[in-house]
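Thanks for coming. Please have the viewer open.

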Amino acid sequence: MSYEIVKQAKNRCVGTKKVTKTVEQDKAIEVFVSKDADPRLTINLVALCKQKGVPVTYVDSMKMLGKACGIEVGAAVAAVVNE
């Protein structure tokens with residue numbers, strides 16, 4: 001179900017740096033984090049989301065999250081953006 005939310009979102013961003021920037025700018029509606037991503041990449045972002053009050057949803061696979069975002073490689077994180 002979470003993959004469908006990402007797939008159907010009009011505006012989304014993918015990747016740790018882009019998603020972090022989006023959360024800092026208060027533009028993220030929801031952040032999706034792959035359970036199989038390296039925690040060193042995601043731990044600071046998850047903490048930032050908690051601080052900013054952005055809901056974090058965990059998904060099972062980087063490969064499936066990347067596919068839902070329309071990219072050929074896996075995605076550690078993605079966000080639905082309010083713009």
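**Around helix α3**

Start with Gly 53, which follows α3 and has a positive phi, near 80 degrees. Helices here are DSSP runs of H or I with at least four residues, strands are runs of E with at least two, and both are numbered from the N terminus. The model is predicted, so to set the ground rules: local features need pLDDT of at least 70, side-chain atom pairs count only at pLDDT 80 or more, and totals for chains, interfaces and linings use all residues. Residues are numbered from 1 along each chain as its sequence is written, and side-chain values use heavy atoms, with hydrogens and water left out.

Now the length of α3. Its 14 residues should span 20 Å at 1.5 Å a residue, and the end C-alpha atoms are 20 Å apart, which agrees. The expected span is 1.5 Å times one less than the number of residues.

Which residues of α3 are buried? They are Thr 42, Leu 45, Val 46, Leu 48 and Cys 49. Buried means under 20% relative accessible area, exposed over 50%, and partly exposed in between, with a 1.4 Å probe and protein chains only. These residues cover an arc of only 165 degrees around the axis, which puts them on the same side of α3; the arc is that of the directions from the helix axis to the C-beta atoms. The face turned away from that buried side carries exposed residues, including Arg 40, Ile 43 and Lys 50. Among the elements covering the buried residues are α2, β2, β3 and β4, where contact means heavy atoms within 4.5 Å.

Next, the core. The largest nonpolar core has 14 residues, and Val 19, Val 23, Val 31 and Leu 45 have the most contacts inside it. Such a core is a set of buried Ala, Val, Leu, Ile, Met, Phe, Trp, Tyr and Cys residues joined through side-chain atoms within 4.5 Å. α2, β2, α3 and β4 each supply at least two of its residues, and the largest share, four residues, comes from α3.

Last, salt bridges: a side-chain nitrogen of Lys or Arg within 4 Å of a carboxyl oxygen of Asp or Glu. The count comes to three. Lys 52 pairs with Asp 26, the closest N and O atoms being 3.5 Å apart. Lys 52 lies in α3 and Asp 26 in the loop between α2 and β2, so the pair ties together parts that are 26 residues apart in sequence. Asp 38 and Arg 40 also meet in a salt bridge, at 2.8 Å, N to O.
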